[in-house]
Each structure stands twice: as structure tokens, then as C-alpha cells.
Amino acid sequence: MKVIKNYLYNVVYQILLLLVPLITVPYISRVLGPELVGINSYTNSWMTFFMLVGQMGIALYGNREVAYHRDDPIDRSRIFWGIELLQGLTILIALGAYLVAVLLFSTTFKQYFLLQSFWIIAAGVDVSWYFMGMENFQRIVFRNMVVKLASVALIFLIVKDHNDLGKYIALLGLSNLVGNLTLWPYLRKEIKWVPISTWHPFKHFYPALLLFIPTITTQVYLVVNRLMLGRMSTQNQLGQFQNTDQITKVVLAVVTASGQVMLPHIANKFSKGDVKGIRESLYNSFDFITALAAPMMFGIMAIAEPFAPWFLGAEFNDAGHLMMIEAPIILFIGWSNVTGTQYLMPINRTREYTISVTIGAVVNILANFLLIAKWGASGAALATDISEFAVTAVQLVYIRTTIRRRRLFASTWKYLLSGLIMFIIVYRLSNVIQMTIANLILEVSLGAVVYIFALFLFRAPVIEQAQELINSRKAKRK
């Protein structure tokens, strides 16, 4: 039950992190237009590289280390202070390098590049990794919710026309900074003060650095395709792709939220030698993720074409086609989230995880070179699908000696077939009725009913798991 609650909290948290841009996308896309949306995406992409260098693999490493030492408050406190000091130092270096690069080499968009630096500063005070390691997601969610909702209100109040791109960028960065700072008061009851001489921040440098490689290469899928699209195509195409990617990633956040929940959970089991428990958790998680990802993938594909211009505005008519192309990453990333983030990472098989995402990054760059020149934003979306499939395939090869892949995929056909049936019905409906809020709710509701009915028809394992969970809840109440 604790894992399920944390998953639900983390779903809220991950969606919340993306909620500010998503809620404001229909408004911002109309106020700023595709070109200025593309400029924001382009400058944010370059900033992200410097921020990731400053973060190294510290957030992921800190999450895992806190989970390993969760039961010892003194040891846990030493680890926290050491990791946080290291994070502060690396972020300062990254911020300095970013500002020098902007001032010396930027000839266009310099003002926007400088405003993006708030994101780097925010990364230096981010301690969400500690609460994730403690499997305490509730504090992360509710504290940040107020800040995020306030930032949404400010965007609608302040961003009024084409001249307000700078205000928009600053508001997003500052809201992230304030949200991270509001987590610090909770540490007073969690962390004890220990002598500075016991912090030893640099002992964490090398293991965090080992996690930096998979972290930075994973971000290739989020950043490089936008950079290459901005260079090889137009800012309009980049704006189309940016909004498509944002919508897809919000849906994806629901699927991948289990990764951050299961990482500390599996890491804690690994520290106790519970190998059987780890495998059973993996099988159950893979089945659950597939059951969740399949309808979301087919659902986006079914409503994409009428939804995009209705939600984003007439200028973003091409985004519907892009959403259909990019939708398969929901399934591929969902699978690799289980095999990589939930299995390889917490049991300290970092080398295999690193190789898999590095191969994916190389495939992503090569596919972008080949496909963007020919198809623009559509090529970038297709390249993302290909690279994410490559990551999943490599990780499945690596786990073959310890995990039974046949058992992992035993019921996959049931979820995919159920999702396909749902797609056919909802797709035909979406092409008949006009896109409105009421009709969107109708399409989503009908799709959910059809999918769940098909799961019952095919006797999918997730139905049995849900029934067992309900029965256990009833038994506890008695």
C-alpha cells in the first residue's frame, strides 16, 4: 500500500512539474506564436546541458544512497550534507560556465539565455532526491502545488503579448526555484547537524559521476532533437514539435512516475538481500506499466488530429500528426523505466544501464541527421521513437540472465489488443464529432470503458491485481 500511495503522490508530482507549461500552452501558443515558443525551447535546451553537467548524477545517486541508509539517522544526515554540498559546488561551476558562454559566444537571444539561468540556480537547492529516497512523496507534492498554481496565475496576469517572452521564461525559472526552496523547512525534523569534518562531499563525486553518463545521455532525447531541429529546420517546426512533446510528456509522466517510487523501494530491498522480492516487484510493475501505457499511447493517437488545433490553436495544425508519430514512446519509455530505472539502477548495475542509454543517444543523433533533413519535425518525432526502442531492446538483452523475459511479456498482447480495439472506436468517433470539452470527456470516458471491458474479456492480470488490492483494503477495514 505504501508503494501504491507513493506512486499516486508521484503521479501528481510529475504532472505538477509539467502542469505549468501544459495549462498555459493554449494561452502561450496563441500569445507568443510558434516562433517565440521555438526560441524559448531553443534557449532552454542549451541551458539544460549546463544544468545537467552541474547536477551530474547527484539527484539519482542521492535518492539511492538515502534509500540504502534510511534506517540510520546519523549516517543518513552525513550523506545528505555531503551530497548537498557537492551539488552546490558543481552547480556553481556549471552556472559560471553557462554565464561565460552566453556573454562571450551568444549573438542572438542573449537576454533569453540569461533568464534561463534561474533553472540552474534552482537545481542547486533541489533536495527532492532526499524525500524520494525516504519514500516520502507527500511532502514534495503538496508543498510545490501552491507555488506552481501561483505561477500559473502570474503567467496569465503578466504575459500579454509578443513582447513578454522574457517575462514568461523568468516566471517558469523562478517558480522552479521557489518550489525547491520550500522543501527545506521539512528537513529540520529529518536531518541532524553533524560535524562538517564528517561530510566528505568528494567521496560522493566518483559514484555520482558514474551516474552522470546515463543521466546526460538520457536527456539527449529531450534536448538534442530540439537543438538539431532548430538548426536544421525552422523555429516554426521546432515550436510545433515542442508543444507536441510537452503534451506527450505529461501523459508519459503518469506512466514513469512508478520509476522514482520503485527505485528507492528496490534499493532498500537490495541492501537487505531480498532478491526474490525484487524480481516479483519487477514482474508486477512491468505488467502494471504495460496496462497503463497501452491505452495512453492508443488514446493519444486516436484524438491527436482534432485535438491539437483545438487545444493549441490553428497555427499548430501540424502538431496532431506529430502526436500520432511520437505516441509509441509512451510504451517504450514505460518498459525501459521498469528494466532500467526500477531494476538495473537500484541493484547497482550502472554499467549496463549506461551502455543502453548511450546506444540510444547515438541512435537518436544518427536518426535525427537522417530524418530531420527530409521530414522536419516529423523526422524528429520518428527519431525519438527509434532511439527509445533501441534503449528498451538493449536493456532487455542485459536482464535476460536474471529476469524471465517470457514472463514479462506474457500478457502484453492482451493490453495491446485491448488498446487497439479502443483506438479504432475512439478514432472513428473523433472524426465524426466536433472537438469540444464535453466531447473530449466523452471520448476519453468511452475509451476507458472499452479498454476496461476488453481487459475483463481477455482476463488480463491487472484486473486480478486490482481485485486483490480491493479485497485487502476491505479486510483491513474489518
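**A loop residue and its surroundings**

Modeller: Glu 315 is found in the loop between helix H12 (275-312) and helix H13 (319-326). Helices here are DSSP runs of H or I with at least four residues, strands are runs of E with at least two, and both are numbered from the N terminus. Two notes on method come next. This is a predicted model, so local features need pLDDT of at least 70 and side-chain atom pairs count only at pLDDT 80 or more, while totals for chains, interfaces and linings use all residues. Residues are numbered from 1 along each chain as its sequence is written, and side-chain values use heavy atoms, with hydrogens and water left out.

Glu 315 touches Ser 29, Gly 33, Pro 34 and Gln 240, leaving out residues up to four places away in sequence. Contact means heavy atoms within 4.5 Å. Glu 315 and Asn 236 are 79 residues apart in sequence, yet their C-alpha atoms are 9.4 Å apart in space.

Take the contacts between residues at least 6 apart in sequence: 85% of them join residues at least 24 apart. The protein has 20 helices and 0 strands. Of its 478 residues, 58% count as buried. Buried means under 20% relative accessible area, exposed means over 50%, and partly exposed lies in between (1.4 Å probe, protein chains only).

The largest nonpolar core has 86 residues. A nonpolar core is a set of buried Ala, Val, Leu, Ile, Met, Phe, Trp, Tyr and Cys residues joined through side-chain atoms within 4.5 Å. Those with the most contacts inside the largest core are Phe 80, Tyr 130, Phe 307, Ile 330, Tyr 343 and Tyr 415. H12 supplies the largest share of this core, 20 residues. Another core lies apart from it, with 23 residues, among them Met 51, Val 223, Phe 241 and Ala 380.

Tyr 343 is worth a stop. Beyond its neighbours within four places in sequence, Tyr 343 is in contact with Ile 278, Leu 282, Val 338, Arg 349, Ile 399, Thr 402 and Ile 403. Arg 349 on that list has a charged partner. Arg 349 forms a salt bridge with Glu 352, the closest N and O atoms being 3.2 Å apart. A salt bridge is a side-chain nitrogen of Lys or Arg within 4 Å of a carboxyl oxygen of Asp or Glu. By this rule the count comes to 4. Glu 352 counts as buried because its relative accessible area is 16%. Arg 349 is buried as well, at 15%.

Arg 407 pairs with Glu 280, with the closest N and O atoms 3.2 Å apart. The pair links distant parts of the chain: Arg 407 sits in helix H17 (residues 405-408), Glu 280 in helix H12, 127 residues apart. Arg 407 is partly exposed, at 35% relative accessible area. Glu 280 is partly exposed, at 31%.

A further salt bridge joins the side chains of Asp 164 and Lys 167 (3.5 Å, N to O). Asp 164 counts as buried because its relative accessibility is 7%, whereas Lys 167 is partly exposed at 43%.

For contrast, look at another loop. His 204 is found between helix H8 (165-181) and helix H9 (205-218). His 204 is buried, with a relative accessible area of 2%. Leaving out residues up to four places away, His 204 touches Tyr 61, Ile 79, Gly 82, Ile 83, Leu 86 and Trp 199. The side chains of His 204 and Tyr 61 are joined by a polar contact of 2.8 Å. A polar contact is a pair of N or O atoms within 3.5 Å; within protein, one must be able to donate a hydrogen and the other to accept it, and residues adjacent in sequence count only if both atoms are side-chain atoms. Tyr 61 is one of the buried residues of H2. Helix H2 (residues 58-68) is mostly covered, with 8 of its 11 residues buried.
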